[in-house]
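Let us walk through this model in short steps. Keep the sequence and the structure side by side.

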Amino acid sequence: LQSLDVANNQLRELPAALADCPRLKEANFRGNQLKDKRLEKMVNGCQTKAILEYLRAGGRGKGKAESAREEARKKKREKQQKKEEGEQDELEEASKLLVKVLHVSDNPAPLVVKASLGVKDVRPFIVCCVLKGVNLKPGNALKRFLSLQTKLHEDICEKRTAATIATHDLQLIKGPLIYDVQPPDELKVTPLGRKEIKAKDLLRQLQLEAEEQRKQKKRQNVSGLHKYLQLLDGKDNYPCLLDAEGVVISFPPITNSEKTKIRKDTRDLFLEVTSDTSLQICKDVMDTLILKIAELNRFTLENKEDSGSDNESDALCGPVNLNPSQNVQPMNFPLVVEQVRVVDTDGNLKVLYPSKTDLTTVSSLLTVIR
């Protein structure tokens, strides 16, 4: 279409599609009572090109200037939307928990765990690390810390059948550590809240307690530590973690030692996960443990609580009252995770945690500074 003459008709509007006619050079729209009074003036005094530009810009009521304003408003809206999305991304990133990794090469005194050959046939897999900067002093922080371990043992550790967690006060540990096995009648341990005892006698004692407890409460199943006793059935040797003085600080999957017990003033932790199933399960459990401790640490820092006495035994976490009027102190510094190497008796590396590929399972909630 090159030429169009629709003058002196009864047109009320001009279709915007006319602007899509590339060869239209001459158009006569005069003598029509158009709704768009501005367009009516244009058809009586402007060239075809200007009229088509007007139609292309959006039709009635939108000339070049108004179209430009609309375009500007659109860009402004898009810019604002991007800004809000960016702020949301920043907010989400800022809300992530921070953990900084201290590499073995940057650590003047890294802790090392030596694994003996004997563990291969008993409980072969162990993953360890150091976590510095926790705050267990306020209110129920320690109680929550113990509770989260209990919950992890029930859930991701599958009632300790897949893996077992042990947490220690780093200041009470003397390295290097040895992951070893010992016969039940030779392994001596000081369990949490108890006196030193041979592992064989401890299990017998716990078994008697379990039976007595079951009879008193008239239950089919035993509870607490007692339900894990069968995990060592038929073992000629029991796994244990010893410090540099030969003291057993961990007897998985049964108990930690009173010697390295976590208390309210503990700031730095030695974390240990063992399994007879797989190394990957140990790593997955450790990832989750670090995330949960980081969440607990931030909660403790953001919510002011009165210092109180915690019951330092496994307990269910009770409800917590959050006061919105309290001044929230965001966690603006990261926890530090120090790498720990597990080596064989010849010093060859068996596992390093956390490696570059570790802590990725919790990356949506945790920002790792490597």
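**A buried threonine, a helix and a strand**

T274 counts as buried, at 0% relative accessibility. Buried means under 20% relative accessible area, exposed over 50%, and partly exposed in between, with a 1.4 Å probe and protein chains only. This is a predicted model: local features need pLDDT of at least 70, side-chain atom pairs count only at pLDDT 80 or more, and totals for chains, interfaces and linings use all residues. Residues are numbered from 1 along each chain as its sequence is written, and side-chain values use heavy atoms, leaving out hydrogens and water.

T274 sits in strand β13 (residues 268-275). Helices (H or I, at least four residues) and strands (E, at least two) are DSSP runs, numbered from the N terminus. The side chains of T274 and R123 are joined by a polar contact of 2.9 Å. Such a contact is a pair of N or O atoms within 3.5 Å; within protein, one must be able to donate a hydrogen and the other to accept it, and residues adjacent in sequence count only if both atoms are side-chain atoms.

Now turn to helix α1 (residues 37-45). Its residues L39, E40, M42 and V43 are buried. Seen down the axis of α1, they fall within an arc of 160°, so they line one face of the helix. The arc is that of the directions from the helix axis to the C-beta atoms. K37, K41 and G45 are exposed on the other side of α1. The buried residues of α1 pack against α2 (48-56).

Finally, I369 lies in strand β16 (residues 366-369). I369 is partly exposed, with a relative accessible area of 35%.

Notes: Contact = heavy atoms within 4.5 Å.
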